[in-house]
Amino acid sequence: MRVNIYDEHSGQVMEAFVEPSDKVDDLFILAAAEFSIQPDLFKLRLAKEVLDPSKHIHETSVADNCLLEVCRDANAPAAPAASSSMQRQGSTSSSRTRGFTRRDSWQENLRDFLKAGVSPEELMQQVAAETGISPEAAALAAQGGSPSSRSSGGPHIYAPSTQAEVQRRLREMTQLRNIDRNYEMAMELTPEAFARVVMLYINVKVNGAEMSAFVDTGAQMTILSERAARKAGLDELIDRRFQGVAIGVGSAPIVGRIHLAELEVGGITLLCSFTVMRDAEIDLIFGLDMLLKHECSLDFKNHVMCVANTVVPFLTESELPLRAHGVLAGRV
């Protein structure tokens, strides 16, 4: 439907094309852009009805081709005079008419900037500076106008490609503003998210050989590197019938499987099975299979792992093995 909006202070009239299912707030945004006024500094009135921005248009008395009036607050700035290049040709009044298409991307972008306190003039000046056209041309292009939308009695004020360029730049500016706002909120509310997370390691003994184990609930199997298996004297027990390929973030060859060996954790000896992997950077990954079998629990508040009523502290970053530092630096 077409809705006419009249601003008495500027003597201008605009056309807005909306759907009954749209919100009245859309009309506020369109009028704010057209008449260069912040949305919270005026009301829209139809006869004696003051429109509620939170309602949908079909919930009001707004009908096709009706006339709404802009009622500015006392502290609202006066609208700037319309430039001659943007006025209707052959009109006996000083009114201006523009068409707005329903929910074009520029409307959503402009809504974000208006709510952030950026005036339409500032926005159009910035877009104009970056696209090399005049602010008036940027405004018309942003509104989805075309040479045919203006009366034929005057030169076109922008090239056909300008509209797409301006709207593209508006989308980029909106995205960057939202990203910056999201980053600032994260820095304030969750600064720990920007710190490096130290992985969970514990000291263990495999068949009497000391090494550090990476506790990984995301690993389906408990994995022993081929190098660590030799260190523990278990390489002769590798069942190579269980060769294969481990696929996760990347892939690695599986040498075989050690069906049973002793794993000492916090002074307690556990019977474990290991999948032996070639070229693994980490000596031992204590995976979910053994964590579940031995009913281990992770206490992140106290930074410990509990197994068989024994508390095993996780290693601090300074206690991590050199190979673990390589993993943390992303060299795996």
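This is a predicted model: local features need pLDDT of at least 70, side-chain atom pairs count only at pLDDT 80 or more; totals for chains, interfaces and linings use all residues.
Start by selecting strand E1 (residues 2-7) and strand E5 (residues 66-72): they run parallel and are joined by five bridges. Helices and strands here are DSSP runs, numbered from the N terminus, with at least four residues (H or I) for a helix and at least two (E) for a strand. Two strands count as paired if DSSP finds at least two bridges between them. Residues are numbered from 1 along each chain as its sequence is written, and side-chain values use heavy atoms, with hydrogens and water left out.

Now widen the selection to the sheet. It is an open one of five strands with mixed pairing, in the order E2-E1-E5-E3-E4. At its edges sit strand E2 (12-17) and strand E4 (49-50), each pairing on one side only. Strands of a sheet pair through backbone hydrogen bonds, either parallel or antiparallel.

Next, colour the aromatic rings. Rings of Phe, Tyr and Trp (its six-membered ring) pair if their centres lie within 6.5 Å; planes under 30 degrees apart are stacked, over 60 edge-to-face, and the rest tilted. That rule gives three aromatic pairs. Go to Phe 28 and Phe 42: their ring centres are 5.3 Å apart and their planes at 20 degrees, so this pair is stacked. Phe 28 is in helix H1 (residues 24-35) and Phe 42 in strand E3 (residues 42-46), so the pair ties together parts that are 14 residues apart in sequence. (Buried means under 20% relative accessible area, exposed over 50%, partly exposed in between, with a 1.4 Å probe and protein chains only.)

Jump to Tyr 183 and Phe 194 for another ring pair. Their centres are 5.4 Å apart and their planes at 80 degrees, so the pair is edge-to-face. Tyr 183 belongs to helix H5 and Phe 194 to the loop between H5 and strand E6 (201-206), 11 residues apart. Tyr 183 is partly exposed, with a relative accessible area of 44%, and Phe 194 is partly exposed with 44% too.

Met 187 is partly exposed, at 38% relative accessibility.

Move on to E6 and strand E7 (residues 209-215), which run antiparallel and are joined by six bridges. Lys 205 stands opposite Glu 210 in E7. What does Asn 207 do in the hairpin of E6 and E7? Two residues lie between these strands, and Asn 207 takes a positive phi near 55 degrees.

Last stop: Val 307, in strand E14 (residues 304-307). Val 307 is buried, at 1% relative accessibility. Show what surrounds Val 307: leaving aside neighbours within four places in sequence, its contacts (heavy atoms within 4.5 Å) are Val 265, Ile 268, Leu 270, His 294, Cys 296 and Val 312. The C-alpha atoms of Val 307 and His 294 are separated by 6.9 Å, with the two residues 13 apart along the chain.

Finally, zoom out. The protein chain has eight helices and 15 strands, and buried residues make up 42% of its 332 residues.
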